[in-house]
Amino acid sequence: MAPHEIRRPFKRPAISDQHKRRELSLLRQAQNRRDAQHHARCLASSVVSLQAPDPEPISEPETADEPIVESESQSIPRDIDVRQASKLKGYEARRWFARQLMLPEWMIDVPDRLSHDCVNYHLGIQISPWFIWLLGIITHAFQSKRGKEYTWFVLARPSGKRCFVVSSGGTTVSRLRNGSVLHHFPSALPNGARTRDSSGSAQSYCILDCIFHELDQTYYVIDMVCWRGYSLYDCTAEFRFFWLNSKLAETGACDSPSPYHRYRFSAVPIYNCDQTGLYTVYTGAVPYVKDGLLFYNRHAHYQTGNTPLALVWKDENCSQYVIDTDSKGQVPSQQQVVLELQDDGNLTTSDDPPVVFGCLDGDFIQKSGLHPGNLLRFAVSDGGLSFVDGKLERADLHYLGKLNRTRAFADSYSKVMFQYSVRHSPLSIDDLLASITSTNDQEKKACDVEMAG
């Protein structure tokens, strides 16, 4: 079916406050500044030197990215230095690493400006003047070539293990979200192997956000956090993606494996989220198994933790796993959610601030041997979830049991909402394409009015 044939005469109404939180996130990243260079250096050193967590049995498969949750009694500072991080093990190491990644929210509502807008949104960058000068040239070239300011990018997300890959000190290390080492290997990344012809400063390092695809033993790069010692945390997604596609191939990292380059790297094709780009990503062939679609707001910095400026969406045509399965790989008859028990008995998600789904009676907590910080599994009963103005009002939950410590985080609100929608009123590819069509018409009118004024 051609992309122009998939249209609807209406836009699906919003069912959450995801758009509002996205606007607040954009404002917050413009106001909040940190030493991104120092943060990148600490992360690179920690990935290489941090002790591997104690081996623990894995009872649940790793699925979509979710933010970490901390119990008050075991919380660790967010801004610890490398020496402190190197002493972390097991549960603490798992939590520390999980909060270093930029984790997409699940798409609950289609963003208002999914295709493009007419506004130039400028965000400051606290890095070297050379980067700022270069960013201006690149942005000007992009605008001259495209003629449109696309608000969102879209890519087909590879199925596999999400990880950080760091090249530093003549070696390359990949670590999973739980902090464990996936691979320790030589690579063609800058300072990623000890070779005679290697060049560059000994302090040079690179940090890539990747998904390791088992079938073809390839690291698919979905984002670039640092390159040759230059931090990209406070750069927009547009700049990071341009830099990723420009620099990765130059190093030979995309070449076939060799003695000094054990695994191949590949940049994931990224498209402007117009009707053609979305349809291409959704239906087009890729060299890896798809696990949904990833959407990035072009203005988004690399924000650690959960952010509405990156979204994940999937259906049965672009992912093998749409509805969550149980430990046996079966789809349960009722939706299951994982929540954290608080001191006051409230059951909350891993969001910041958390969303309260209910409260357990003190007698039940005592009889069941539960404690604050425990992760508990519930089934959504026949009463379902009730919402008012996009916010949860009531949840009919049935207690199933306590989770073991192999899992360190509760579900996010967007994940619960997405799973609930999939079972009752899925957000379809038709809705996404229809939103682009209607958005294009509205944006064109808005631009015409602005130019006329």
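**Notebook: a helix across a sheet**

I started with helix H9 (residues 413-424), which lies across strand S15 (336-341), S17, strand S18 (375-388) and S19 and runs at about 65 degrees to S18. Helices (H or I, at least four residues) and strands (E, at least two) are DSSP runs, numbered from the N terminus. The angle is taken between N-to-C directions on a 0 to 180 degrees scale, with axes as lines fitted to C-alpha atoms, for helices over the stretch in contact.

I noted that this is a predicted model, where local features need pLDDT of at least 70, side-chain atom pairs count only at pLDDT 80 or more, and totals for chains, interfaces and linings use all residues. Residues are numbered from 1 along each chain as its sequence is written, and side-chain values use heavy atoms, leaving out hydrogens and water.

Next I looked up the sheet. In what order do the five strands sit? They run S17-S16-S15-S18-S19 in an open, antiparallel sheet. Strand S17 (356-359) and strand S19 (391-402) are the edges, each pairing on one side only. From one strand to the next, the twist averages 45 degrees. Two strands pair if DSSP finds at least two bridges between them.

I zoomed in on strand S16 (residues 346-348), which pairs with S17 in the antiparallel sense over three bridges. Leu347 stands opposite Gly358 in S17.

Then I checked the whole chain. I found 10 helices and 19 strands. Of the 453 residues, 51% count as buried, meaning under 20% relative accessible area (1.4 Å probe, protein chains only). Among contacts (heavy atoms within 4.5 Å) between residues at least 6 apart in sequence, 73% join residues at least 24 apart.

Methods: Buried < 20%, exposed > 50% of the residue type's maximum accessible area, 1.4 Å probe, protein only.
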